[in-house]
Amino acid sequence: MLHPFMGIEDWDRVGLSVEESARRLQRIAYMDRGLMHMEAGFMIATPEYEVKGALSRMVWQDASHHDELRSRCKQLRMSVVAFDKCQDVALKELLDRSLEAESTLIRLKVLFEVIKPAQIAAIRSYMSLAQPLVDEPTLSLFKRQLPEREDQVAWGIAAIAELSQAAKEDELEYAVKWKGYTEALLRAAGGIEGTDKREETAEALILKTRPFEVPRQSTRDSRFVSAIKKHKDQHFADSDQGRLEQMMFTRFFEMSPAEGVAYVHFTTVGKPWAFYYDTARHLWDEVRHAWFGEAALRKNGYDIYEVPNWTGWYDMTAQLFEKDEAYTHLTIAIEKAAMKYPPGKREEWEFCRDIAKDPLMTTFQDFDWADEVVHASFGQKWIIDEVHHGDNRAAKEAAAATVTKRLAYMRNYEDDAPPKANRFAGGY
């Protein structure tokens, strides 16, 4: 006889009520949103290049996890208003204090030795309690999410081990204290699910911390030399090969625009959830683009540390632009303009395919073009439609004003001016 219920086991378990299910899911999702925010801030402040990129990927992953749970809670009769509220000030305290972690090692220990493992434990607890027939949508969602969440922790533990090898003894001891402090904050919240006995944090465990502030200048580790002007000290041949080389470095340098998007994501308050979801995606895309360039350069034998690493976009964002100007400059002045043909993103792809005949860069530029179409739509949604109420002309004027401000800012670094750019080298 065939197994009933398509093989689903424990079909007679009573399980959790709709109300209790939504309550637990809301707490798990609240942590996802807090982690997304924290990771964006840490991405900016963390100098280690590989950590910076990994945190950006997790910003997008955690935003996606949150968004899926947000939709599921709506199906479980929890209003969006209720869902978006902080249901437990102790969880907010955990996130707020964790944001104040003072070094890369401490930040990773807080994320990957305390908060994320506790989140995974809460998810597994939920899965063990839920009625598998009535709550199959949630269980299916978690089955898809868990491998991604576990991969995050595995990466984090490996990174902690590597950083610990280079750390001094007092740094390691302080990192252990920070871990104990975070664990105490978690216990004060009754765990992620809020079902554990709450313990008041012992005075001996409390650390004096400083509020987190985003840096005014981009951070890079000691392998890099930073430059405000793009392509400083680089000289490209006036040839197809020279253009391809410049294009690879232009992609590689998109870590600075990525930091700029992280700044917008982290510092902007009061927007709808969809704004943070879109800018999380935008951030991860820009890091992927930097990885496109890095992969192409490495494949072609370039030393990526040999030339100054462009940080000017972030420095300009943090020091120059106000309110919506940074996102206006990126999405309207640069990315929406890149949809024109020629030159634009299509022409860059055609150049790699038909002239440079570089298969890897052809694939990279193909997907870069696809991503830029998405980013242009973000500009339409969040700048033209929301900020300027659909007035395209007003948005273009605002974008032009940001270009003027950028040119004036960059004149301060004219001594670092790059060589004359090859045709259509990229809009950033």
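Predicted model: local features only at pLDDT ≥ 70, side-chain atom pairs only at ≥ 80, totals over all residues.
Student: Start with α1. How many residues does α1 have, and how far does it reach?
Tutor: α1 has 28 residues. From first C-alpha to last, α1 reaches 41 Å, close to the 40 Å expected at 1.5 Å a residue.

Student: Is α1 enclosed or open to solvent?
Tutor: Largely enclosed by the rest of the structure, because 22 of its 28 residues are buried.

Student: Now α6. How do the axes of α1 and α6 sit?
Tutor: Helix α1 covers residues 18–45 and helix α6 covers residues 136–166. Their axes come within 14 Å and cross at roughly 30°.

Student: Parallel or perpendicular, then?
Tutor: Roughly parallel, because the angle falls under the 35 degrees cut-off.

Student: And which hand does the crossing have?
Tutor: The crossing of α1 and α6 is left-handed.

Student: Which residues meet there?
Tutor: From α1, Leu25, Ile28 and Asp32. From α6, Thr138, Phe142 and Arg149.

Student: New topic: Ser98. Where is it?
Tutor: Ser98 is in helix α4, which spans residues 89–98.

Student: Buried or exposed?
Tutor: Ser98 is buried, because its relative accessible area is 1% and the cut-off for buried is under 20%.

Student: What is Ser98 in contact with, leaving aside neighbours within four places in sequence?
Tutor: Ser98 is in contact with Met38, Phe42, Val110, Ile115, Trp178 and Thr182.

Terms used:
Residues numbered from 1 in each chain as written. Heavy atoms only, no water. Helix = DSSP H or I, 4+ residues; strand = E, 2+ residues; numbered from the N terminus. Buried < 20%, exposed > 50% of the residue type's maximum accessible area, 1.4 Å probe, protein only. Contact = heavy atoms within 4.5 Å. Axes fitted to C-alpha atoms, helices over the stretch in contact; angles between N-to-C directions. Parallel < 35°, antiparallel > 145°, perpendicular 65-115°, else oblique. Left-handed = near helix turned anticlockwise from the far one by under 90°. Expected span 1.5 Å × (residues − 1).
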